[in-house]
Amino acid sequence: MMQPQAPAIRSDLGRAGTPGLLGWMRRHEEARFAWLSLAPALTFFAVFVGFPVVYSFYLSFHDWNMMSPRPDWVGLENYTALLRDELFIRSLVQTTVFTAGITGCVVVLSLATALLLDQRLRRIGLYRTIYYLPAVTSVVAIGIVWLWIFDPQFGLINQTLRAVGVIGPRWLSDQRLALTALIITAAWRNVGYFATIFLAGLQGIDTMYYEAAHIDGAGAWGSFRRITLPLLRPTMLFVVIISVILSFQVFALVYVMTGGGPAGSTSVIVFYLYQQAFTYFRMGYACAIGYVLFGIIFVLTLVQFKFFGKQVEM
Amino acid sequence: MRASGTDPRRATLRRRLSGAALHGLLLIGAVITLAPYAWMVSSSFKPNVEIFSAALELIPAHPILSNYVTAVTREPTVRAIGNSLIMAGGETLAVVVTSILTAYPFARLRFRGRDTVFLMVLGTMMIPSQVTMIPTFILMRWLGWIDTYQGLIIPRIVTPLGIFLMRQFLLTLPRELEEAARIDGCGRLRTLLQVLVPHLGPAVATLAIFTFTASWNEFFWPLIVVQSSEMRTIQLLIAAIKQAEAVDWGVVMAIVTLSVFPTVVIYLMLQRYFVKGIAMTGLKG
């Protein structure tokens, strides 16, 4: 292809015969401009992603409280200590329960909501607008409002229950219910968002499939199961992966609503990591937790790709 | 084809449920979605007597404004909203600029290693922020940026999502746009700024709205980098008030209402850009 000249740049470059890197840069004006243009972002990634990823790994083999002049090498001790750390294991289990609960809720409720939002009804646009609203609202605000909604005495839920003659539970101060209350809150926030994604997936399915099924005499349930679900697999994969990644990193909701309590019953991995790093200043230990989290998310994502990916084949 | 009211995809659900039933279900969902907002706004106008009352009343019997007055006078709400505006505004401006500058070579120029570098940029999305957070905090301390605006903003001024979104949009623009300018002897930077940027309106709007909303709502990074009460963002202020022993729910709800207001207004006014953003990237702000 003919490369149009750029006199404005070329004029101040001098001869194109200079050897070495400089010469290469002068001869390849397009590549030169490309790398110059990329330089700020690449520098950023080196400083704020590359360096932290490496340094975090380095720190995970050290003990450091940020006061002593330099980190002390402890080998694998942080990682082996994690295996014996009961509160860590408990946080890991609770994070898994939270993730499974919220992802289950979200897949079922979002898909159902998307099927409703797909209908051609009056004011359907208004409903779509309303359902997405929680996704643009901050988790901190949502956490505070739901904290108040779950108030055993004056909260919306228990007041409503009382109106129909039921005495509501103590929700967030009940060890057996606190995690469930967090799942309810997170589901309230996420269903509309994932429904919007499912809706886009639904609208991408060619209607011809349904016409064919209809002619073959398939019922409503039959076409949902044999057409909608299989053709929605790529969307389903996306929704499940994003939901799992987001839920495994849940933090603000726990910080605001329960602070990990009561009695550690809502402590989750990122909350535990935050406490280790910024309450107890165990930087090496916290970095080890970060890497364990990284590993778990990585493996879960791969597994889901394998599990769903095989059947996707689009 | 899809515009017809009786298309077979929709008909599968239609055959099971009547229009009234569908409307009923949608209405229930809408009530569940809106109830917390209603409860929030309603509580913010209630005097304490009504907040701590056994009766379930959505409309306050004696609505008052004093919670809002207290919110902006006794609590440092105005300062916190200002801090959030500076953080979200600065971040948005920077992300738009860096995304355009970085996306342009990926979308339009030919150079060795382009696709590898682009994949690496996207790959950084896989890394959870918890892994990079501690070294970044140590770096901020070393630079003396703890408790400063640059500490809040600089570690967030480039996002792989922004680069990706901008690249996808650039790919949809016809090449003839720049080729004409290049033949006229226009330099690459000038071509980008004067010829391409004017066509980037919708992509810039989408990216700006997503970035602003995400930054306004951000909690984790400010929590780590902010230490004084003067530098608190609005999200940090809300979380801090809640930690205080005696929670004055009316005042807290007034502050929360104020904090939610900007993002909801932006969303309602510019909704089409949110929908476009989801369609283009499948990710939320």
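Apart from residues up to four places away in sequence, A:Val145 touches B:Pro36, B:Trp39, B:Met40 and B:Val256. These contacts belong to a predicted model, for which the scores are ipTM 0.89 and pTM 0.88. A:Val145 is also one of the residues that touch the most other members of the largest nonpolar core, alongside A:Ile144, A:Leu182 and B:Val256. This core comprises 150 residues, and helix H9 of chain A is its main contributor, with 15 residues. In soluble globular proteins, nonpolar side chains tend to be buried together.

The contact between the two chains draws on 85 residues of chain A and 78 residues of chain B. On the chain A side, the greatest contribution is made by helix H3 (residues 29–59), which supplies 19 residues. Classified by residue type, the side of chain A that touches chain B consists of 65 nonpolar, 16 polar and four charged residues.

Chain A contains 15 helices and two strands. Of its 314 residues, 41% are buried. Among the contacts in chain A with a separation of 6 or more, 68% are between residues 24 or more positions apart.

A:Leu182, named above among the core residues with the most contacts to other members, is located in helix H9 (residues 178–203) of chain A. A:Leu182 is classed as buried because 26 other C-beta atoms lie within 10 Å, the threshold for this class being 20 or more. When neighbours within four places in sequence are set aside, the contacts of A:Leu182 are A:Phe98, A:Leu253, A:Val254, A:Met257, A:Thr258 and A:Thr266. A:Leu182 and A:Gly143 are separated by 39 residues in sequence, with a C-alpha to C-alpha distance of 8.8 Å.

In chain A, the peptide bond joining A:Gly261 and A:Pro262 is cis, with omega about -10°. A:Pro262 is placed in the loop between helix H13 (252–257) and helix H14 of chain A. The loop that connects H14 and helix H15 (283–312) of chain A holds A:Phe281, a residue that is not a glycine and yet has a positive phi of about 50°. A:Phe281 counts as partly exposed because it has 13 C-beta neighbours inside 10 Å.

A positive phi is also found in chain B, where B:Asp147, likewise not a glycine, has a value of about 70°. B:Asp147 is situated in the loop between helix H7 (129–143) and helix H8 (149–153) of chain B. With 14 other C-beta atoms within 10 Å, B:Asp147 is therefore partly exposed.

The domain assignment divides chain B into domain 1 (18–64) and domain 2 (76–281). The C-alpha centres of these two domains of chain B are 33 Å apart. Contact between them involves eight residues of domain 1 and six residues of domain 2. On the side of domain 1 of chain B that touches domain 2, the elements giving two or more residues are helix H2 (19–44) and helix H3 (48–51) of chain B. Helix H2 of chain B accounts for the largest share of this side, at four residues. By class, the side of domain 1 of chain B that touches domain 2 has four nonpolar, three polar and one charged residue.

Confidence was examined for each chain. Chain A has an average pLDDT of 87, and 89% of the residues score at least 70. Within chain A, the lowest mean, 43, belongs to helix H1 (residues 7–10), and the highest, 96, to helix H14 (residues 269–278). Residues 1–16 of chain A remain under 50 in pLDDT, and 17 contacts beyond four places in sequence are present in the model for this stretch. Where pLDDT is low, the predicted coordinates should not be read in detail.

Chain B likewise averages a pLDDT of 87, with 91% of the residues scoring at least 70. Among the elements of chain B, the lowest mean pLDDT is 69, for helix H1 (residues 8–14), and the highest is 97, for helix H8. The pLDDT is below 50 over residues 1–5 of chain B, a stretch with four contacts in the model beyond near neighbours in sequence.

Methods
Residues are numbered from 1 along each chain as its sequence is written. Chains are lettered from A and ligands numbered from 1 in the order in which they are written. This is a predicted model: local features need pLDDT of at least 70, side-chain atom pairs count only at pLDDT 80 or more; totals for chains, interfaces and linings use all residues. Two residues are in contact if their C-beta atoms, placed from the backbone, lie within 7 Å. Ala, Val, Leu, Ile, Met, Phe, Trp, Tyr, Cys and Pro count as nonpolar, Asp, Glu, Lys and Arg as charged, and the others, Gly among them, as polar. pLDDT is the predictor's confidence in each residue, from 0 to 100. Domain bounds come from an automatic or database domain assignment. A residue is buried if 20 or more other C-beta atoms lie within 10 Å of its own, exposed if 12 or fewer, and partly exposed in between; C-beta atoms are placed from the backbone. A nonpolar core is a set of buried Ala, Val, Leu, Ile, Met, Phe, Trp, Tyr and Cys residues joined through C-beta atoms within 7 Å.
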